[in-house]
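Me: I have a model open and would like to go through the terms used for it, one by one. Could you take my questions as they come?

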Amino acid sequence: MGTAQSTTTATPRRQLRGSILRSPILGPVAALVLASTFFALATPRFLSGENFSLILQQVMVVGVLAIGQTLVIITTGIDLSNGMVMALSGVLLASFAADKGLNPWLAMLLGLVVAAGFGLLNGSLVTGIGLPAFIVTLGTMNIAYALTRIYTTSTISDLPPELTFLGDTFSVGGTQIATGTILMLALYLLTWFMMRYTASGRTVYAVGDNIEAARLAGINTSRVLRGVYTIAGLSYGVAAILQVARTGVGDPQAGQTSNLDSITAVVLGGTSLFGGRGSIVGTLIGVLIVGVFRNGLQLLGVESTYQVLITGILVIAAVSVDQLTHRRK
Amino acid sequence: MSTPAAGRVLLEMSGIGKSFPGVRALEGVTLSVREGQVHALLGENGAGKSTLIKILSGAYGRDDGEIRIDGERVDIRTPADAERLGISTIYQEFNLTPHMTIAENIFLGHLPTRSGMVDWAQVRQRSRELLETLDVHLPVDTLTGTLPVAQQQMVEIAKALNRNTRILVMDEPSAVLGERDIENLFAVVRRLQASGIGIIYISHRMKEIFELADEVTVLKDGRYVGTRKVAAVTMDELVQMMIGRELEDIYPSRRTEPGEVVLKVSHLAQDRLARDVSFELRAGEIVGFAGITGSGRTEVARVIFGADRPTAGEMELFGKPYRPRSPRDAIDRGVALVTEDRKRQGLLLKLQVFVNTTISGLDRLSRFGLLRLKDELALVNTWIANLRIKTPSPEFVVANMSGGNQQKVVLARWLSLGIKVFIMDEPTRGIDVGSKAEIYQIMADLAGQGVAIIMISSELPEVLGMSDRVLVMREGRIVKELARDEANEEVVMHHAVGHEVPAA
């Protein structure tokens with residue numbers, strides 16, 4: 001007794017709510033358009049191909065980190081370790097290529113393997129021992145940070161060209177576009193495709209919605225979670241390669257705030273922290289929202305501290321919307 | 001037992017009504033309790049006992065009726081109101097904080113202070129006294145989390161006494177206890193009774209009611225059936241009061257010719273929740289599992305489905321050894337489970353109809369890991385039509401559907417896989433009558449196609465209406481097997497609550 005069962009038939013209003021749920025990126029897209037319109041009116045320098053290309057370059061590292069973060073958050077997890085894993089991976093691949101004379105491509109592969117290994121470690125601890133993702137990744141974040149500092153405290157420079165070409169630009173109709181941004185967009189396309197058109201993508205949503213129901217539906221939930229964290233780790237490895245390419249050095253100080261920046265982008269993109277709901281396209285929009293705000297405020301001459309302040313307000317607003325829609329159910 | 005001199009009337013609830021969206025949970029229910037009386041509250045699952053208790057304890061508001069204490073009309077809107085009026089409730093799940101000591105739990109929320117500081121000396125002293133009165137001898141600094149269930153229950157009672165309780169509600173207090181602890185509990189209840197506390201005692205076990213209670217009130221389908229003096233009523237009469245309703249004719253008629261043995265379960269055990277369970281299931285038959293909540297039926301179902309591992313026993317499926325290590329194993333061998341809790345275990349509530357329908361069979365809809373979305377949509381549309389699922393589109397989110405349609409989505413998931421053994425745990429819980437009839441028809445059709453069905457249900461009419469055989473479980477064991485023509489509500493209920501039926 002006591003569980004009230006509402007007997008309902010589908011009314012148009014419910015149907016509408018259903019379709020809004022299905023397109024969770026409407027809100028983020030509206031926010032992006034509004035923000036862009038505002039900055040376009042406020043400063044003439046905003047609306048130019050050059051400036052858009054710049055925004056994309058500015059966001060490509062956090063953009064790739066946010067891919068992994070999105071998958072983890074869809075499964076109701078969270079990954080605090082991504083920035084530190086990226087820093088470790090970046091320092092290792094830079095130093096092996098520059099100082100130890102390893103083939104630059106193999107050095108990049110090494111960076112990817114280390115990052116994916118951290119992801120697998122996260123996933124195994126979450127599924128094997130059943131620890132909360134927050135705690136696990138808080139731990140591995142510190143481990144990765146410490147390992148980076150033990151390995152080196154100075155930046156690694158004089159990198160071979162293979163490590164920096166992703167930071168180079170090429171010209172399309174007079175606009176300079178960074179090669180790395182193409183890689184970022186390609187990865188978004190790939191992830192979008194995976195989430196939409198593969199059985200694996202489907203199971204990620206199922207596990208995020210209700211892990212016990214997913215298990216009872218025959219899904220190997222541990223394998224799904226380990227896979228998600230490992231793929232997330234891989235994306236941090238790619239982010240490390242982009243980070244090194246963009247700055248031209250292996251920097252042990254990199255990624256200090258990347259975990260929070262990536263979470264910000266994911267949340268702004270409409271992915272629910274309660275799991276099961278969210279989209280990779282939304283995250284790309286979220287990444288762009290942050291990028292547009294930072295860039296626009298910069299053009300308006302607003303101090304960077306205030307940019308951070310505004311980002312903070314944006315995050316709380318986005319999570320509030322998520323919380324309120326969640327509570328109504 | 002002999003009724004002590006009946007005290008003054010403490011509590012009177014009359015004309016109590018309560019609705020939830022789409023459900024009339026209580027209607028015109030009356031209950032009155034005297035000082036020093038043990039008043040049993042009896043009824044099948046879903047009869048409204050819990051709702052009534054929750055209204056009394058302030059967890060729910062009532063829609064109709066009035067509550068009087070000492071003849072005065074009172075308004076109970078919150079648990080704090082109930083506490084102020086001297087009403088305490090001990091639920092089956094205790095309200096103790098495991099990381100706090102016995103004394104801290106007893107005084108939780110009521111810590112006495114002296115000049116702004118907690119008066120710990122008084123807390124310990126008073127806790128010790130309370131435990132003494134219950135004949136419990138434990139250091140009051142013990143963490144409650146480390147205590148066995150029976151002693152935790154005593155701490156709950158001490159907590160209630162500390163709040164000057166005059167009316168104590170106990171919701172199936174014996175359900176969690178072993179034989180010896182039950183004796184202890186009874187002794188405590190009698191002591192409380194002697195001190196003038198009025199006790200409302202909910203139990204499924206007839207034996208306890210006759211041993212402990214002075215009066216018994218029976219509820220059925222949210223309505224008041226009657227109140228009897230225990231000394232002047234027979235068990236048969238009470239069972240009749242609990243179940244005496246008309247069988248509505250919503251069960252499809254069908255002819256069964258059970259085929260080969262599909263599933264053979266031998267001496268299966270799961271911790272202490274299921275013990276020495278053996279039975280056979282044949283193709284095309286529907287076997288009903290009856291029993292009260294907690295009798296081990298769900299545990300058996302989960303083991304067969306691979307959701308839990310058995311602690312002992314063997315199973316065979318189509319003559320071959322069957323040891324599912326996960327639900328996936330079971331599904332791949334043609335076994336499905338419709339879970340008892342649809343919303344928490346059955347459905348992916350925030351996801352769409354099509355996702356929920358195909359989630360267990362994605363491998364069949366993929367090629368090289370890629371989903372064939374067109375085939376998927378066609379499959380989902382077929383099942384929406386077959387089962388007459390009311391949904392505006394396959395992309396509708398299941399959380400927004402009615403219970404009956406949600407359950408049909410669950411059925412569609414399994415039917416689309418061509419399941420051979422179907423375990424249905426409370427398949428019509430929380431579903432309107434129309435959808436119920438449809439689900440019965442689906443079950444009958446499946447059996448007709450040779451699918452073997454296990455139906456676990458706490459609704460006796462449904463068990464009797466649908467089953468070819470009824471297995472009755474009690475305390476983890478199958479205590480009786482009844483053929484269709486032997487089974488009636490009385491016999492099943494008697495076995496379920498643990499009372500031998502007089503030869504009829």
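This is a predicted model: local features need pLDDT of at least 70, side-chain atom pairs count only at pLDDT 80 or more; totals for chains, interfaces and linings use all residues.

Me: What makes chain B as compact as a globular protein of its length?

Reply: Chain B has 17 helices and 24 strands, where helices (H or I, at least four residues) and strands (E, at least two) are DSSP runs numbered from the N terminus. The radius of gyration, taken over C-alpha atoms, is set against a globule rule of 2.2 Å times the number of residues to the power 0.38. For 504 residues the rule gives 23 Å and chain B has 25 Å, which is close, so the description holds.

Me: Why is strand 11 of chain B called largely enclosed?

Reply: A residue is buried if 20 or more other C-beta atoms lie within 10 Å of its own, exposed if 12 or fewer, and partly exposed in between, with C-beta atoms placed from the backbone. In strand 11 (residues 215–220) of chain B, 5 of the 6 residues are buried, so the rest of the structure largely encloses this strand. Of the 504 residues of chain B, 49% count as buried.

Me: How do you know that strand 11 of chain B pairs with strand 3 and strand 12 of chain B?

Reply: Two strands pair if DSSP finds at least two bridges between them. Strand 3 (residues 38–42) of chain B runs parallel to strand 11 with 4 bridges, and B:Ala40 has B:Val216 as its bridge partner. Strand 12 (residues 223–229) of chain B runs antiparallel to strand 11 with 6 bridges, and there B:Lys220 stands opposite B:Arg223. In the hairpin of strands 11 and 12 of chain B, B:Asp221 takes a positive phi near 50°.

Me: What makes strand 14 and strand 17 of chain B edge strands?

Reply: The open sheet has 4 strands in the order 14-13-16-17 (chain B), with antiparallel pairing. Strand 14 (274–282) and strand 17 (320–321) of chain B each pair on one side only, hence the label. Inside this sheet, strand 13 (residues 261–270) and strand 16 (residues 312–317) of chain B share 5 bridges, with B:Glu316 as the partner of B:Lys264.

Definitions and conventions. Residues are numbered from 1 along each chain as its sequence is written. Chains are lettered from A and ligands numbered from 1 in the order in which they are written.
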